[in-house]
Amino acid sequence: MKNYSSKIAFTLAEVLITLGIIGIVAAITIPTLVTNISNRGYVERLFKTYSVLQNATNMIIAEEGDPAQWSWTDYYQNDGTNIDNERIVDLYRKKLKIIGECEPISDSIENECHVNPYDYKYLNGETGTSVTDHVNCRLFHLNYQFILSDGAVIGLRFKESNVGVFWGQPDLLFTIDVNGKSGPNQIGRDVFWLYMKKDGHGKILPYTNEPFLDNGIDQRNTCESDKKGYSCAYRIFQERKMNY
């Protein structure tokens, strides 16, 4: 008579091999999955912050008219002469849900709104090495900075300063850190730029597909070429994802 009660079982060696294979696959795929999830979150936060800014701008336009008619002086002065710019900043202050604020500064120091500028990174992972790098003193340099209720930080910077022109910058630049002081604090990941031109009828655009030059360098392909990350907002707006 045949015995049908016997069961097929794996040997210990087979179990260990299977677990090893599963571990290898997990080690390869899990970091990628985590990165993709994080990147998707950065993209969603960027679009949310963009929407908040655009809605605030639209409300200001409804009250003040087209930005071409706004009175502003194109620069930040710390001597009290930039009252027109202060008024524009105050208009945004009233339309945004703000839980914290930092005054414009020219020093490379940490404050309530952002980490030490030298801790910010380019998309390629490098940090700034001189005072002309955006990732140190120029990242939030002379920005009026707002911390929003969702933790995002928005910096408003006008085109010129009292020491000269910020080349490569439109009339009004918005520096965006979608999660504030939380990491990775990296241009093209959680740090982006949006901008508005005086003659742009209030349309906020992702930086940049225009030939703005910074020290003579075209910034339009910095998400792909030198991996500095300046133009990554434009690429995200085109592809609707962080495909880099």
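Gln-54 belongs to helix α1, which spans residues 12-64. The model is predicted. With a relative accessibility of 9%, Gln-54 is classed as buried, because the cut-off for that class is under 20%.

**Surroundings of Gln-54**
- A polar atom in the side chain of Gln-54 is placed 2.9 Å from the backbone oxygen of Gly-202.
- When neighbours within four places in sequence are set aside, the contacts of Gln-54 are Gly-202, Lys-203 and Ile-204.

**Overall architecture**
- Three helices and eleven strands make up the secondary-structure elements of the chain.
- Read from the N terminus, their order is α-β-α-β-β-β-β-β-β-β-β-β-β-α.
- Of the 244 residues in the chain, 43% are buried.
- Among contacts between residues at least 6 apart in sequence, 57% link residues at least 24 apart.

**Nonpolar cores**
- The largest nonpolar core comprises 38 residues, and Tyr-92, Leu-156, Phe-174, Phe-192 and Leu-194 have the most contacts inside it.
- Elements giving two or more residues to this core include α1, α2 (83-95), β8 (191-196) and α3 (232-239).
- Helix α1 provides the largest share of this core, at eight residues.
- Beyond its neighbours within four places in sequence, Leu-194 touches residues including Tyr-50, Leu-53, Phe-174, Ile-204 and Phe-237.
- Another core, apart from the largest one, has 17 residues, among them Tyr-122, Ile-147, Val-191 and Tyr-230.

Methods: Residues are numbered from 1 along each chain as its sequence is written. This is a predicted model: local features need pLDDT of at least 70, side-chain atom pairs count only at pLDDT 80 or more; totals for chains, interfaces and linings use all residues. Side-chain values use heavy atoms; hydrogens and water are left out. Helices (H or I, at least four residues) and strands (E, at least two) are DSSP runs, numbered from the N terminus. Buried means under 20% relative accessible area, exposed over 50%, partly exposed in between (1.4 Å probe, protein chains only). A polar contact is a pair of N or O atoms within 3.5 Å; within protein, one must be able to donate a hydrogen and the other to accept it, and residues adjacent in sequence count only if both atoms are side-chain atoms. Contact means heavy atoms within 4.5 Å. A nonpolar core is a set of buried Ala, Val, Leu, Ile, Met, Phe, Trp, Tyr and Cys residues joined through side-chain atoms within 4.5 Å.
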